[in-house]
Every structure is written in C-alpha cells, then in structure tokens.
Amino acid sequence: MTADAVIGPERQLTGEEFGWLCEYLRDRTGIELKPGKESMVMGRLDRRLRHHGLATYTDYFRLLAGGDPLENQMAVDLLTTNETYFFREPKHFEFLRASFAGFLRRSAPVQVWSAASSTGEEAYTIAMTLADCLPVGQDWSVFGTDISSRVLETARRAMYPIEAAEKIPPDLLRDHCLRGRDDYEGFLAIDRPLRQRVSFREANLIALPPGLGPFDVIFLRNVMIYFGPETKRDLVAGVTALLRPGGHLIISHAETLNGIAGSLKLVQPSVYQLPDPDGRPGDG
Ligand SMILES: C[S@@+](CC[C@H](N)C(=O)[O-])C[C@H]1O[C@@H](n2cnc3c(N)ncnc32)[C@H](O)[C@@H]1O
C-alpha cells in the first residue's frame, strides 16, 4: 500500500477540535452535536481541508474564524442533516386537508410556512394538499425557509429524481408534476402553477428575520431534534408569535413540546393550536 492510499479521512479530529466545532455549530445554528459524531464530522469536512490543502482541522477552524462568509456557509451546508421526502408523516397532510374542510373564502391569503424546508419536498407537499382542498378563488401561498443555501437551490429548482414520485398520490402526481424528457430524463419537475405559489428564503431559526407571518399553519418538523432545551423553548415561543389566532403548529411525531408549549394546545399527536379568543378556528 502506498503512503497516500489511506481509506477514509486522512486527518484526525482531536477532542479539543471536536469541542470547538460543537461550540461553533451551536452558536451559529442551535444544532447540538452529540459525542460520538466525530467521524461524521470528519467525513463531511475532510473535502474542505483537501480543497484548501490544509493539514489539520485547527487550520480549517482558523479559516472559519477568519470570517469568510462563503466558507462558513459551506461548513453549515455540510454539517446540517437534510433528509426529507414528499408526504413524510402523511397524517399531517390529512390533518391539513381536514382543517380546511368547509373553509370559507376570505380576502387575506392562506399562508403556510415550512420552517426547515430542506430541499423543498415538504413545502411542495403542503402546496399540493392546499391546491386540492382550498375553495376556488382563495389566494394562498407556501413559504419555505432553511439555514442551508445549498438545499434551497434544490428547492427552487423544483426537480427531483423520478423515484420521488412513488411517495406522491397518483392524482396529485398527475395534477402537479411533469415527467422529465431528454436532458431531464429520470427527473420529475413540479409544474409551474404550483411552483408559483411556493417561495424559499434563507433564514436561521435561532435568529428569525423580522416581517414573517402571520401564518395559518407552521410546519416545524425534524429540526428541533438537533436543538438543546433552551433553543427549543425560545424557538417555540418565536414561532407561536407568528401564528394567526386559531392557527396550527405541526411538529414531527418524533418530537415533543412537553413543558414548552406555552399558549399552544395539543389537538392531536404532534399538532398544536393557538386558541382564537373569538372562537373562529383558522379564520382571520
Ligand atoms: C432533517 S431536515 C427536515 C426537513 C423537513 N422539515 C422534514 O421534516 O422532512 C432538517 C433541516 O433543518 C435545517 N436546519 C438546521 N438548523 C437550522 C436553523 N438553525 N435554522 C434553519 N434551518 C435549520 C437543516 O438545514 C435541514 O435542512
């Protein structure tokens, strides 16, 4: 075996370096890395060290600390976990449909937020569901945000490997998706009318930008699992303030708001509602 025929990352991450990285990621994103994630970190960052020809992680962290925005964005892109798919946790979309059954058309648009949208499948799933259940003539939109600019590029492109079609009910697939041809063989694209209802923007959940909301429904799924209790508490208070009275917050079945739900009421597993003092759920 030659000297450069090493399997896996060539540089080892020391305990001190891992500690620095945990602090860096927590401060920037709220994500808490658990002990034991050292090899995941090395697997994800090694290519950046290679790219810059750096010998140690300390050298790389110096580069990050120097403040280069692109490199810092790239590190966050690489260190976030972005798994998602169409109609993930289908009961939530059944709930969405049921919650708008009998909805009376109103002048204000119905607005739904996919608050950690990743590559966009959640936002487009919400859009397919709303397109199918809101009354004709009702204006509506879906807003997706994520901290990773890389996943947002995919979300805006709205083009997915054709295998993704297996998760989409056939009638919604027919109504809202196109099968790629020629150069796009093997892909499905979200059709333009649906895409025009959905917009994406970079936003950090631990430092929410001003001017968001109010939302009728907020999907905040599979992101709080990475956060510590204080960050979760602040985030839930922050997103609750962006709900319309009577609006809903939907979290993953794998998450809980025990002790931090504040004024939200649990209406079914993983679905919370902000009470409406006027008793008109979802209306506004
Ligand atoms: C596992 S994905 C969940 C995607 C989707 N919500 C779902 O349930 O399928 C988690 C997403 O949260 C994003 N994320 C992590 N920390 C964030 C933060 N502080 N602000 C905004 N997005 C964040 C990651 O970039 C990632 O795309």
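Analyst: What follows covers the ligand site and then the cysteines of this predicted model.

User: Which residues come nearest to the ligand?

Analyst: Begin with the residues around the ligand. Here there are 21 of them, and T29, T84, R88, D146 and N222 come nearest.

User: How many residues of that shell are nonpolar, polar and charged?

Analyst: Sort the shell by residue class. In this case seven residues are nonpolar, nine are polar and five are charged.

User: Which side chains have polar atoms by an oxygen atom of the ligand, and at what distance?

Analyst: A polar contact is a pair of N or O atoms within 3.5 Å. D146 places a polar side-chain atom 2.6 Å from a ligand oxygen. For R88, the distance from a side-chain N or O atom to an oxygen of the ligand is 2.8 Å, and for N82 the corresponding distance is 3.0 Å. As for cover, the ligand on its own has 600 Å² of accessible area, of which the protein covers 99%.

User: Where does the ligand sit?

Analyst: Compare its position with the pockets. The ligand is located in the largest pocket.

User: How many disulfides are there?

Analyst: Check the sulfur pairs against a cut-off of 2.5 Å. The count is zero disulfides.

User: Are C22 and C133 buried or exposed?

Analyst: Buried means under 20% relative accessible area. C22 has 13% relative accessibility, so C22 counts as buried; C133, at 17%, is therefore buried as well.

How values were computed
Residues numbered from 1 in each chain as written. Predicted model: local features only at pLDDT ≥ 70, side-chain atom pairs only at ≥ 80, totals over all residues. Heavy atoms only, no water. Near = heavy atom within 4 Å. Polar contact = N/O pair within 3.5 Å; in protein donor to acceptor, adjacent residues only side chain to side chain. Areas by Shrake-Rupley, 256 points an atom, 1.4 Å probe, with all protein chains shown as cover. 1 Å grid on protein atoms, 1.4 Å probe; cavity = no way out; pocket = protein on both sides within 12 Å on 5 of 7 lines; lining within 4 Å. Sits in = over half its atoms within 2 Å of the grid points. Nonpolar A, V, L, I, M, F, W, Y, C, P; charged D, E, K, R; others polar. Buried < 20%, exposed > 50% of the residue type's maximum accessible area, 1.4 Å probe, protein only.
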